[in-house]
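Welcome to this short briefing on how two chains meet and how their parts pack together. Please have a look at the sequence and the structure first, and then read on.

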Amino acid sequence: MPKEKNVTLTVNGRQVTARLPSHRTLLEALRDLGFVDVKRGCEKGDCGACAVLVDGVAIDSCLTLAASVEGRAITTVAGLGDRDAPHPLQDAFAASGAVQCGYCTPGLIVAAQSLLNRTPEPTDDDIRLALSGNLCRCTGYAKIFDAVRAAARALRDGGDAR
Amino acid sequence: MTGTERARDAGANIGYRQIGRPLIRTDAPGKAVGKTPYAGDYTMPGMLHAKVVRSPLASARLERLDVVAARALPGVVCVLTAADLPDRLAPTDIPGQTGQARLKTDQQILVRERVRYHGEPVALIADESRDIAERAAGLVEADYAPLPGVFDPEEALKPGAPIVQGEDNVVAEHRIRKGDVAAGMAEADLVIENTFRTQFIEHAFLEPEVGLAWVDENEVINIRVSTQVIEHFRGIADAVGVPHNKIRIRGALVGGGFGGKEDVTVETYLALLALRTGRPVRLEYTREDSFLGHGKRHPFKMTYRTGVTRYGRITALEVDMIADAGAYVFLSPYVLLYAVVAAPGPYRIDNLKVDARAVATNNMFTSAFRGFGGAQACIAYEQQMDEVAKAIGMDRIAFRRRNYLRTGDPISTGYPIQSAVWTEDCVDRAIEALGAPTPAASPVRIGRGVAAYQQSYGRLTFLHDTSEAWVGVEVDGTVIVRSGVTDIGAGQTSALGQIAVEILGVTLDQVVIYNSDSAVTPLAGTTTATRALYMTGNAVHMAAGAIRERFAARAAEAFGVEAREIEMADNRVFVAGRPELEMSFVDLVTLCAADGVHRSELAIFRAPFSDKLDPETGQGQAHPDYTYGAHAVEVAVDIETGEVTVLKSVGAHDVGQAINPAAVEGQIEGGAAQGQGYALSEEMVYREGELVTPSFSEYLIPTAMDVPQIKSIILESRSGIGPFGAKGIGEPALTPVAPAIANAVADAIGARVHDLPITPEKIVNAIAAAREKEEG
């Protein structure tokens, strides 16, 4: 059997400890721990559906070993906000029609947040580049761009993303 | 620059409160905060993990299959091979919801002896832990003897070609004989012939196939699965060998479908393993499993021979089509029929001859994909329209205008169109929206292209399609909609909610929609064929309308007026111009509840029923109705490298009535991106039947870097046969995009690449060939 060890992850501000084989990816670990808002799309780093924030930067959790991010702040889309208090990006995605099947949405919102953490006033080229690792098959990206622009405005103004 | 324009606002005075508005879809907020469970997010205590072992060869005899070592691996609970299964077949024809006889196309569940395509399942494994599955699969010992295969449909038609299955390789044949083609050709000043080819295309939905099955206390096999079609429960029951009421499919919101989750995927495997082990079983495909596991879009070879006068009137058209059906039949006969019906496009061609065959090969089987044959036909007929215009030296749009089908004209099958045909408006507005040409300097050239289309919505009328929905009003005034419809991401359920609350005069936040459970939600049919809004929307309209009628009668009694004077809107019930006669919707519901007024209704909507088309002439009614529209693009082509950049992309469609304009735009934008991939970058490559593009590193769908700003122009003729005059837009949004891009590239480089995808290499070669020809 592969070697196992206790791994303590900090997910959405909560500490969770699990006994994991050393080769366990962050994607598998998070989903096994119940963070199923992190989506599995390809497990090869091609599609971005599994993106999470690690210390504010989006990474593909399928390409990251769980044990390698111990002690760092992991944020999934559900950690950004909820129905009662949605994050401006979540609000904007819903309000702009940027959500269709929604399977790519968690990864896209995480990628957009990673962008806005570094670049609060992104140009369209900034957005294009930041989202280029996240595949969407439903929307043609048009309303996703609208949503990111609206959320960036809202975050800057402290206003409503709608 | 996403904009909605309303043209010919025939219903400007229609006072809709809920439909026609870009409301936030009921499913969107939950998805945005990561709350929505997809089929793969469900687990159960004691659950096993399953894996499918697949054939590495495309054409072979399975000589030996030894699973002793796999079964002996600690943690392996069950390994199934064909030897363990009763001698049953899995139906692959359309689900039997309509009661129409199925085609005799059932296939083996697991390979018994003959392997017919790369990836065909040979064994199923269920393990205690996901980690064991890979190792167990590696312990399955299989000896294959390669057999001669056939990988090209034209080769497959030649005498002596290996036979994939049955007596010959012809899977389906359809034809049209209309008017007098010989006389039409004789009348022509010029006859133009071209052959166009399209490629295998992968749906590339982001959520791979996944499901969870368990046997419940009533010995019902429950399957929670990502599917477009919960009514496969009948075929799954037949395959497993249980009565139809012992399979229950519980859908979930689907992470993308596009036709790729229209056939059965993991369900039968899950049912067999759950039944055999008595334990819950979960099966999730990897991306490679997904690429290997479900049918692709049919490659077509289409030869068009058009007779035309020098003034641009089409006098006759002859079309020959060959589609690659792959190793099993699945929906090929229907896809082929759609292509045949669509063959002349949105043009009136009275002398028409179409011959089409779908041919078996040892390539991956092909089946449903958004556009369903109609998309392939459009790629041919719209490129041919440009080529014919060029040959007679006529403007491309003027030539089209000379030949458009008009409202009331007979289509290819002789059936007169009942709804409005606004092709001309759509084409003109799409082109107009491109605006001034983008300047460019050598070696970049700018090109423009347009494509118009005719695409059906609703299933083939000979299938006698129906859809059911139930609407109920709770005593606190909230509304429940129940319908088996699956929601594959286009807002199918939300639209049903909008329709119900429009009729009942309440707001969208008052409704909850339960969907896609084959045992408890009224059966609504499939979410395919651009039919969900049309069919189930009409059923909801009927159900809500019946409740409204009863409620209005009760309100009329309370107010002492006629029922027809009662209005319901914004959670209020009132009489216009009589401010004293008003109550809240809840108060009316309370009155109705006290009197025992029936507050719910189950409705069934029936599409028009017809006989099959005449097999000799292809004449008759094929579909309930058609959507018309156009897509226009501007591209930049670097003539040295062959690189294409799509600069502008505009879809203009008459959707009849937009129920939710934001959702309609979403369809148009998504169709624009998918069509761009179809035209330029996507191809599932099979080498001697073996898939050589098994991941998103090789199979390139458009990213945020590739897709331009897309403009949507929504026209509303209110002439459709869906609720409130709606037509369908799901498939139509995709259909004209690839040919518009092909025409734009040809416009830019002055030569045509006849085979999709239009890669840089093909462009450079086409330019070189054109130069050689010029230089003689």
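Two residues are in contact if their C-beta atoms, placed from the backbone, lie within 7 Å. By that rule, 44 residues of chain B are in contact with 42 residues of chain A. This is a predicted model, in which local features need pLDDT of at least 70 and side-chain atom pairs count only at pLDDT 80 or more, while totals for chains, interfaces and linings use all residues. Residues are numbered from 1 along each chain as its sequence is written, with chains lettered from A and ligands numbered from 1 in the order in which they are written.

**Where chain B meets chain A**

- Helix H1 (28-32) and helix H16 (661-680) of chain B are the elements that give two or more residues to the side of chain B that touches chain A; helices (H or I, at least four residues) and strands (E, at least two) are DSSP runs, numbered from the N terminus.
- H16(B) gives the most to this side of chain B, with 8 residues.
- The side of chain B that touches chain A holds 24 nonpolar, 13 polar and 7 charged residues. Here Ala, Val, Leu, Ile, Met, Phe, Trp, Tyr, Cys and Pro count as nonpolar, Asp, Glu, Lys and Arg as charged, and the others, Gly among them, as polar.

**Domains of chain A**

- Chain A is divided into domain 1 (4-79) and domain 2 (80-157), with bounds that come from an automatic or database domain assignment.
- The C-alpha centres of these two domains of chain A lie 20 Å apart, and their contact takes 17 residues from domain 1 and 14 residues from domain 2.
- On the side of domain 1 of chain A that touches domain 2 of chain A, strand E3 (51-54), strand E4 (57-60) and helix H2 (77-80) of chain A each supply at least two residues. The largest share, 3 residues, comes from E3(A).
- By class, that side of domain 1 of chain A has 10 nonpolar, 5 polar and 2 charged residues.

**Domains of chain B**

- For chain B, the assignment gives domain 1 (1-14 + 420-458 + 623-776) and domain 2 (466-606).
- The C-alpha centres of domain 1 and domain 2 of chain B lie 37 Å apart, and 14 residues of domain 1 of chain B are in contact with 15 residues of domain 2 of chain B.
- The side of domain 1 of chain B that touches domain 2 of chain B has 7 nonpolar, 6 polar and 1 charged residues.

**A helix pair in chain B**

- The axes of helix H10 (residues 374-391) and helix H11 (residues 396-403) of chain B come within 9 Å and cross at roughly 110°. Axes are lines fitted to C-alpha atoms, for helices over the stretch in contact, and angles run from 0 to 180 degrees between N-to-C directions.
- That makes H10(B) roughly perpendicular to H11(B), a term for angles of 65 to 115 degrees.
- B:Met385, B:Asp386, B:Val388 and B:Ala389 in H10(B) meet B:Arg396, B:Phe399 and B:Arg400 in H11(B).

**Around B:Val561**

- B:Val561 lies in the loop between H14 and strand E23 (566-569) of chain B.
- With 14 C-beta neighbours inside 10 Å, B:Val561 counts as partly exposed; a residue is buried if 20 or more other C-beta atoms lie within 10 Å of its own, exposed if 12 or fewer, and partly exposed in between.
- B:Val561 and B:Val575 are 14 residues apart in sequence and 8.5 Å apart in space, C-alpha to C-alpha.

How values were computed:
Parallel < 35°, antiparallel > 145°, perpendicular 65-115°, else oblique.
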